[in-house]
Each structure stands twice: as structure tokens, then as C-alpha cells.
Amino acid sequence: MSATLPFSDTVRINQIGAGLSRRLEPDVDTRKRIARALDLQGLEDFVIDMEVKPTPSTSEWTLKGRISAHAVQTCGLTLEPLPVDVDRRFSIQLVEAAPQESDEIEVTLDEEDADVIEDGKIDLGQYAVEQLALSLDPFPRKPGAEFVQPEEPAEISPFAALKALKSTGDQG
């Protein structure tokens, strides 16, 4: 079972040559799928300008771009719509997957590692959605919204309810 991506625009690395520029503008239905995937109330505008170029003297590529979007998140406290404007630049290093020589898998947790290009394809749409998700506040809150702790009951004892049933004149 493979998860379907809300937006996909794939380019093969052999099509990049000296460089490739793309402007992605998802249609209304695609923006609705992206909004559902990112738990947004709406995504009214989403434009991505991307450029992929080979990095000189290495076997890597650089994916640079700019995303701009107008989204509507949900306030975590009031549950009201919270409009958000995103305008962000990004840069990602990519490297083609090296052929596996053994059955062992090497796992590294280095932050500086480049993203691996699998099957000779780069999914620009997937990177666009990922960058939008990274630009959104994970805990959106409307300005001025504050959490108010509810008052705790005066007596929390399980016998408090029984005590309330007992008449005031009853001594036993």
C-alpha cells in the first residue's frame, strides 16, 4: 500500500541538463487535496518557483526555490479560521542514489546529508508541499487567544456526591 501524494510533478535528472526552471501553480482540486493533507481549512493560493541545477565538481544537484501561499489554518485554542500568508525561500541539496553493493543498509543521522534521488526522478511537487508544511505554524494561535484553566471542583472525593444526598437533619 503506497500513500498517494497530494501533488506531484516529477522531472527526470537526465532532463535537467545545465539547469531547469519550473513554476508550479496547482489547480483548485489539487489545492484542496494539499489542504486536506496538511490539515488546513483552505489553501486559496499556492505558487512555487523552482530551479534545479547540477552542483559543479560534484555529483549533486541544488534545488532552490520560493513558495508563496495564502492558507487558512485552524486556531488551536478557539478553533476559528486563522489566515496565514507564506513567502519563503529554500535550498535543498540532492544526490543520486548510489547502487547498493550489499544487503546491509547504512543509516546515518547527519543533518548535512543531501536528499537522495531515487529512480533518477525528482518530484518537485512533493518538495513544494513539504516546504509549505515546514512554513506553517504547527500550533497556530490567533493573536490574543489565551488558554484559561477551568476551575477545579471544591471537593473531588467520590463520597462528595453521597454527602450531598444525605439530608442535613440526618445524623446517622
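Predicted model: local features only at pLDDT ≥ 70, side-chain atom pairs only at ≥ 80, totals over all residues.

Colleague: Which residues of α2 are buried?

Modeller: The general idea is that an α-helix has 3.6 residues a turn, so residues three or four places apart point the same way. In α2 the buried residues are Leu124, Gly125, Tyr127, Ala128, Val129, Gln131 and Leu132. Buried means under 20% relative accessible area, exposed over 50%, and partly exposed in between (1.4 Å probe, protein chains only).

Colleague: Which residue caps the N-terminal end of α2?

Modeller: Asp123 does so, with a side-chain oxygen 3.2 Å from the backbone nitrogen of Gly125.

Colleague: How many helices and strands does the protein chain have?

Modeller: The protein chain has 3 helices and 7 strands, in the order β-β-α-β-β-β-β-β-α-α from the N terminus. Of its 172 residues, 31% are buried.

Colleague: What does Thr30 touch beyond its neighbours within four places in sequence?

Modeller: Thr30 belongs to helix α1, residues 28-37, and is in contact (heavy atoms within 4.5 Å) with Pro6 and Phe7. Thr30 counts as buried because its relative accessible area is 8%.

Colleague: How should I read the pairing of strands?

Modeller: Two strands pair if DSSP finds at least two bridges between them. Strand β2 (residues 20-24) pairs with strand β3 (residues 42-54) in the antiparallel sense over 5 bridges, and Ser21 stands opposite Glu51 in β3. Strand β3 also pairs with strand β4 (residues 60-74), again antiparallel, over 12 bridges; there, Phe46 has Ala69 in β4 as its bridge partner.

Colleague: How many salt bridges are there?

Modeller: In general, side chains of opposite charge can pair when their charged atoms come close. A salt bridge is a side-chain nitrogen of Lys or Arg within 4 Å of a carboxyl oxygen of Asp or Glu, and by this rule there are 6. One of them joins Arg23 and Glu25 at 3.2 Å, N to O. Arg23 is exposed because its relative accessible area is 51%, and Glu25 is exposed at 52%. Arg23, Glu25 and Asp49 are linked in a network of salt bridges.

Colleague: With which residue does Lys53 form a salt bridge?

Modeller: Its partner is Glu51, the closest N and O atoms being 3.7 Å apart. Lys53 is partly exposed at 40% relative accessible area, and Glu51 is partly exposed at 31%.

Colleague: Where do Lys142 and Glu80 lie?

Modeller: Their side chains meet in a salt bridge of 3.0 Å, N to O. Lys142 lies in the loop between α2 and α3 (160-165) and Glu80 in the loop between β4 and β5 (81-96), so the pair ties together parts that are 62 residues apart in sequence.

Definitions and conventions. Residues numbered from 1 in each chain as written. Heavy atoms only, no water. Helix = DSSP H or I, 4+ residues; strand = E, 2+ residues; numbered from the N terminus. Polar contact = N/O pair within 3.5 Å; in protein donor to acceptor, adjacent residues only side chain to side chain.
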